[in-house]
Amino acid sequence: NKPAGLVVHPAPGNYTGTLVQRLLHHCKDLSGIGGVQRPGIVHRLDKDTSGILVVAKHDQAHQRLAHQFKKHSIHRLYSALVWGNLVTLQGTIEASIGRHPRDRKMMAIVENGRASTTYWTQLAKWDGLSQICCELETGRTHQIRVHMAYIKHPIVGDPVYGTNSPCVSDVAGAMANFPRQALHASSLTIDHPVSKKNMTWNIPLPEDIETLLCDLEYSRVT
């Protein structure tokens, strides 16, 4: 259950204090398929995204989990807060994602990108703000963040793909001090790489998002 603010593996600008280094403190032998800097890492979450992550302890587990990701049989759900009010209760975003043509640190919707599909369901809404659940069919870098920005409903608090537009009055106070993108990996279903048993884990919303939702509900009735 990765907290927001924690980088998954060492990379330029983040060589220490990563999730990988914390894992190695407790488990001296992780899968080597990811290389020296990414032992055990089958998939990633962005630094400021919280929630569930699966890590492989040996190469066989890594290979079998990676195969499930490749064939899109792993079931992943994310909770998010997005700007604006969606006009339907459910929707599908199908738009290819690749490197931004001008900023290589960013991803973008590009014609020659990799096919990407996100399913979303609206859970709650306020004036100018919505809570959604997203299911990934594919797992591209920054997929939910890019897709939601593409349909003009960027993730709240997203410093890269978000918006600087001011909050509407009834949510302004609740949103003023939220420090990160409001995105949480809430559920993961896999087939165990050895036993083949179908397994699901559900991770509650972290305290900062729960507090934000409580503040939003308070703003609704006051």
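Author: Two strands pair if DSSP finds at least two bridges between them; strands (E, at least two residues) and helices (H or I, at least four) are DSSP runs, numbered from the N terminus. This is a predicted model, where local features need pLDDT of at least 70 and side-chain atom pairs pLDDT 80 or more, while totals for chains, interfaces and linings use all residues. Residues are numbered from 1 along each chain as its sequence is written, and side-chain values use heavy atoms, without hydrogens and water.

Start at β6, residues 117–126, which runs antiparallel to β3 (90–94) and is joined to β3 by five bridges. Look for Ile93: its bridge partner in β6 is Thr118. β6 also pairs with β7 (129–136), again antiparallel, over eight bridges. Here Ala124 has Gln131 of β7 as its bridge partner. The hairpin of β6 and β7 has two residues between the strands, and Gly128 there takes a positive phi near 90°.

Now the pockets. A pocket is an open set of points on a 1 Å grid where a 1.4 Å probe fits, with protein on both sides within 12 Å along at least five of seven lines; lining residues have an atom within 4 Å of a point. The largest one is lined by 45 residues, and Arg44, Leu45, Asp46, Thr141 and His142 lie nearest its centre. α2 (59–70), β2 (75–83), β4 (97–99) and α3 (143–150) each supply at least two residues of that lining. In the second largest pocket, 17 residues form the lining, with Val54, Val55, Leu65, Ile190 and Trp201 nearest the centre. Both α2 and β8 (183–191) give two or more residues to this lining.
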